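Please read these notes beside the structure shown below.

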Amino acid sequence: MGSEHENLKSIRWQSGVVGRGWQIGLGLLFVLALLTSVAVLVRIVGRRASPVQITLATGTPAGSYHRFGQALQRVTTDHIEDHELDWRLELLTTRGSAENMRMLRGSLEADREKIKTVAANNGRPEVETIDLIIAQSDTPTVRNCRLVAPLFPEVFHVIADESIASIDDFRGKHVGVLNKGSRTYDVFLGLLEHYGLSWQGDDADVTLHPMSAQELVEAFERNTVGSDEGPRIDAMFYIVALGNELAEQVLSLPEAHLVSIDEAEALKLWFPNVNPYEIPKGAYGHRMTIRDDGAKLMQPVPPDRIPTAGVYAMLAARSDLDTTYVRELAEILSLYPGELSQTRPSLIELQEASALAEKYRHGRGDEVADASDWFAAPHAALLPGYQADLSLGIPMHPGVTDFLTSDEPSWLAQNAELASLCLAVAIAIASGGRAFFINATRQKRLRAETYNRQLADLVDNALKARDRSELETLWKELTDIFNAVVDDIEHRRISSDAFHSFKFPWDVAKDLLCHREILLTEKDEVAQLRRLAGPDAVADETEIEKQD
């Protein structure tokens, strides 16, 4: 009997462990759900309480880069709630692409000093790192530079007076170019070197005049009117998007005209990202001219297509800038090209961005139905999109990759037939599993009921037992039933709940056998005493039998 009690205690302990295991598991799930909710709440509150400041280095205050940066800043601000942005865009004006790239690197002491200087000049001394830059695609990149988006083409403009018909005519002339530190300055030096023109020393072929964009216009105007109030230049080199206001202002002068660059393919030896372009006829409108007979004529500017070269303006980020921020920025660039193009309200309404991108990509005048298309395009963000041929040789930021792949069909959409088959198989397996579970539960219940019926029959037999030998047989049956139940529990043929329902009738049968054993033992003792006492004990035996 002792081993039976030990087995019973072991089964109770196992059942308790299983129950406590479920309680602990549910408790852990509750704690995990609570922590997740708190983390989401903290993120939402933190997003609204302290937005991250992302710094964009643009260009000169009057340049197209800074105007585009202002448009991008305005659009991101207008759509903060729409996209639940937890960052804000702040701008820094700079000297141009080369300076921007150095500040984006930020790893050298000179880079950090440059950031401090530029930040102080912008009234933002707290800035320590540059997150985003706008730069020409041919700017030598740094190791941590990652592409966010190619923005718009920038075309080489060589504007000269009537004394210059080609770049070879630059010898002995004064030529203006943007200040040192700008990528335009570096490109122009490469252009001069390609054409075999020197710019250094006493016997230089060309006299360079580095200056700001506005100073270039003023110096060229002084040359046309013969003013000696400041520097005068015979020609100027300017890399800008088509339709630029300053280029348009210079080309409105009667003596100004565009000089062609017909060796753009050869320039790729110096600058791999330089591509051939054409400035369409009439790209800068019309200006009045007077013919020899005195008649007035509105002539397109330029009067014919001008072969030239160009590069792309690009938006780049440092490689460790948060992927989420870059993905959201890429989404904004793709969703709001119209709003980003409104830096020149006087321009005609933008056409479909993809169509303009195709015109720019090929740079062929016969694909441009109207020169006004080119006016509209300079600040249409993401005109070329993320075409493979416009990767510009710069690795994309992981945030851009996330944005691009988010539009791809899901695995489910791409594998609909396989998914349907898997779903059908899963439903069949689930249905079969459910049926198996129901049947197994039913079998366990029937098995437990069988043991209970055996106990009930054993109780009946115990009540009918007339001697202890019958009780010993019943005790053996009871023990066999108990061992069979324990074995079934260990092999999961009945559940622990079924064991609890089995315990009550088993206790009843066990107690009844004990009681019957006591009574039959007393009966045997009385009978033995009677035999020893003789005939006088008959009455006592009869009385005992009546009591039994």
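1. Asp138 and Arg183 form a salt bridge through their side chains, with an N to O distance of 3.5 Å. Asp138 sits in the loop between strand E3 (132-136) and strand E4 (145-160), while Arg183 belongs to helix H6 (residues 183-194), so the contact ties together parts that are 45 residues apart in sequence. Both Asp138 and Arg183 are buried. This is a predicted model, and the points that follow should be read with that in mind.

2. How many salt bridges does a search of the whole structure find? The search gives 10.

3. Glu109 and Arg112 meet in a salt bridge of 3.0 Å, N to O. The two residues are 3 apart in helix H5 (residues 109-121), so about one helical turn separates Glu109 from Arg112. Glu109 is partly exposed, at 45% relative accessible area, and Arg112 is partly exposed as well, at 34%.

4. Arg124 has a relative accessible area of 13% and counts as buried, because that is under 20%. The closest N and O atoms of this pair are 3.3 Å apart.

5. Salt bridges also join into a network, which links Asp131, Arg318 and Asp320.

6. Turning to the rings, the structure holds 4 aromatic pairs. In one of them, Phe68 and Phe152, the ring centres are 5.9 Å apart and the planes stand at 65 degrees, so the pair is edge-to-face. Phe68 is in helix H2 (residues 64-78) and Phe152 in strand E4, so this pair links distant parts of the chain, 84 residues apart. Phe68 is buried, at 0% relative accessibility, and Phe152 is buried with a value of 0%.

7. Phe156 and Phe237 make an edge-to-face pair too, because their planes are at 75 degrees, with ring centres 5.5 Å apart. Here the parts linked are strand E4, which holds Phe156, and strand E7 (residues 235-240), which holds Phe237; the two residues are 81 apart. Phe156 is buried, with a relative accessible area of 3%, and Phe237 is buried at 0%.

8. Which residues do ring pairs link into a cluster? The cluster consists of Phe156, Phe170, Phe188 and Phe237.

Terms used. Residues numbered from 1 in each chain as written. Predicted model: local features only at pLDDT ≥ 70, side-chain atom pairs only at ≥ 80, totals over all residues. Heavy atoms only, no water. Salt bridge = Lys/Arg side-chain N within 4 Å of Asp/Glu carboxyl O. Helix = DSSP H or I, 4+ residues; strand = E, 2+ residues; numbered from the N terminus. Buried < 20%, exposed > 50% of the residue type's maximum accessible area, 1.4 Å probe, protein only. Phe/Tyr/Trp six-rings, centres within 6.5 Å; stacked < 30°, edge-to-face > 60°.
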